[in-house]
Amino acid sequence: MIELTREPIDAARLLEAVRDANAGGVVLFLGTVREMTGDERTLALEYEAHEPMAKAKMTELEREARQRWPIRGMAMIHRLGRLEIGDVAVGIAISCPHRAEAFDACEFAIDRLKEIVPIWKKDLAPDGRAEWKHPAP
Amino acid sequence: MKVTATIRILLFARFRETAGRDMLELPHEATTADVLRRLRTEFPALTNLVDASRLARGDDFLQADEAIRPGDELALIPPVSGG
């Protein structure tokens with residue numbers, strides 16, 4: 001399951017999507033909106049995507065992950081639009097026969113998502129400042 | 001009547017906000033490097049960001065020296081920050 005959504009992410013749905021009789025380990029990663037980054041306070045984040053390409057790149061990274069680990073089930077959802085502190089921005093669930101594979105595959109998936117999927121966040125500060133995040137590659 | 005060949009560039013995030021629109025129409029350029037050079041002049045305040053960005057066609061990132069066809073629709077992809 002690969003989705004972009006403007007609705008809150010339901011972690012239970014991600015877990016249900018990867019349920020598998022031959023999976024002995026299920027890893028769920030939730031990326032959530034953090035209030036403090038060092039001394040900087042965030043009020044909210046706004047996410048936008050190049051949507052068709054983002055879905056294609058998420059499909060590509062799923063394929064890469066499945067080539068490296070014996071994945072039974074994989075589900076990825078990224079939220080777009082305005083998110084408040086504590087909201088879930090991204091959810092990834094992966095099931096594998098053994099837990100070590102599931103942990104590794106899930107870490108790979110979120111790292112790769114942050115590298116190749118065309119999604120951007122704008123950081124909104126309490127004083128009204130707003131800054132698009134374009135980290136140096 | 002002479003029709004000038006053009007290409008379209010989809011804009012996102014800081015580029016979209018700086019331009020005040022989500023698409024640019026530019027004269028056709030031969031390669032990705034030429035398009036990026038042109039985009040540096042379109043975004044004089046964001047040349048560092050242009051240099052850190054990639055171009056995509058459809059769902060694929062383009063290499064530095066790929067040929068651009070008249071009428072192509074490209075996307076200017078600045079460094080991503082999902083997650």
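Asp20(A) and Arg72(A) form a salt bridge, with their closest N and O atoms 3.2 Å apart; a salt bridge here is a side-chain nitrogen of Lys or Arg within 4 Å of a carboxyl oxygen of Asp or Glu. The pair links distant parts of the chain, 52 residues apart: Asp20(A) sits in the loop between α1 (11-18) and β2 of chain A, and Arg72(A) in the loop between α2 (51-68) and β6 (73-79) of chain A. Helices (H or I, at least four residues) and strands (E, at least two) are DSSP runs, numbered from the N terminus.

This is a predicted model, in which local features need pLDDT of at least 70 and side-chain atom pairs count only at pLDDT 80 or more, while totals for chains, interfaces and linings use all residues. Residues are numbered from 1 along each chain as its sequence is written, chains are lettered from A and ligands numbered from 1 in the order in which they are written, and side-chain values use heavy atoms, with hydrogens and water left out.

**Salt bridges**
- Over all chains, a search of the whole structure finds 23 salt bridges.
- Across the interface of chain B and chain A the rule finds 2.
- Arg16(B) and Glu48(A) meet through their side chains in a salt bridge (2.4 Å, N to O).

**Interface of chain B and chain A**
- Chain B brings 22 residues to the contact and chain A brings 28, contact meaning heavy atoms within 4.5 Å.
- About 2,000 Å² is buried between the two chains, 56% of it from carbon and sulfur atoms; buried area is the accessible area (1.4 Å probe) that two parts lose on being put together, summed over both.
- Val80(B), Ser81(B) and Gly83(B) supply 29% of the area that chain B buries against chain A, more than any other three residues.

**Largest pocket**
- The largest pocket holds about 480 Å³ of space. On a 1 Å grid over the protein atoms alone, a pocket is an open set of points where a 1.4 Å probe fits, with protein on both sides within 12 Å along at least five of seven lines; lining residues have an atom within 4 Å of a point. Its volume is the space filled by probe spheres set on the points, which are joined across faces, edges and corners.
- Of its 21 lining residues, Arg34(A), Thr37(A), Leu45(A), Lys121(A) and Asp123(A) are the closest to the centre.
- β2(A) gives the largest share of the lining, 3 residues.
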